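Please keep the sequence and the model in view while reading.

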Amino acid sequence: HPSPAGPQATVLEMALAGCGIANDGAIMQPYLVDGIYNADGKRSYTATPKKLSQAVSADTASRVRTVLEGVVNNGTGAGAKIQGVQVAGKTGTAETNKGYNDVWFVGMAPSENCNVVVAIVIEKGQSSEYAASKARDVMKTALEVQGDL
């Protein structure tokens with residue numbers, strides 16, 4: 001049932017949940033800046049990844065990834081497919097109680113040894129399948145930039 005208090009999860013929280021599944025159950029502390037470069041172009045600061053919590057066991061995370069691969073391979077997340085890369089993800093619809101729904105997709109690629117997790121919400125979106133296709137575009141670009149595609 002829709003909540004009159006508004007969203008129950010933010011896009012960042014859903015991205016962290018996806019990261020936990022992609023990262024064998026470990027949720028890492030999010031940060032906004034990976035590094036800072038000085039005027040000479042030398043890196044003067046590098047963020048240090050820190051574990052925030054262990055949400056689930058590695059075994060549970062692996063089993064969830066398998067299910068989420070099925071969502072992309074054979075289900076509502078098919079719009080997130082990337083040729084040559086196994087993607088895992090979950091679609092969703094958030095009832096807003098405002099006469100429209102928001103559509104979601106949280107995906108990870110590649111599902112094993114993941115390099116990118118994307119959480120996307122499209123307000124007043126057409127369908128969660130549409131959200132999956134938009135997430136695919138982001139994941140594909142990230143993989144291309146990283147040299148993984």
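Two strands count as paired if DSSP finds at least two bridges between them. Strands (E, at least two residues) and helices (H or I, at least four residues) are DSSP runs, numbered from the N terminus. The model is predicted, with local features needing pLDDT of at least 70 and side-chain atom pairs counting only at pLDDT 80 or more, while totals for chains, interfaces and linings use all residues. Residues are numbered from 1 along each chain as its sequence is written, and side-chain values use heavy atoms, leaving out hydrogens and water.

Start with β5, which is joined to β6 (residues 101-109) by 8 bridges, the two strands running antiparallel. Within this pairing, K90 has V106 of β6 as its bridge partner.

On to the next pair: 7 bridges link β6 and β7, again in the antiparallel sense. A109 is placed opposite V116 of β7. The hairpin of β6 and β7 has 6 residues between the strands, and N113 there adopts a positive phi near 55°.

Together these strands form an open sheet of 3 strands in the order β5-β6-β7, with antiparallel pairing. β5 (88-95) and β7 (116-122) are the edge strands, each pairing on one side only. From one strand to the next, the twist averages 10°; angles run from 0 to 180 degrees between N-to-C directions, and axes are lines fitted to C-alpha atoms, for helices over the stretch in contact (heavy atoms within 4.5 Å).

Helix α1 (residues 11-22) lies across β6 and β7, and runs at about 150° to β7. How much of β7 is buried? The strand is mostly covered, with 5 of its 7 residues buried, where buried means under 20% relative accessible area, exposed over 50% and partly exposed in between (1.4 Å probe, protein chains only).
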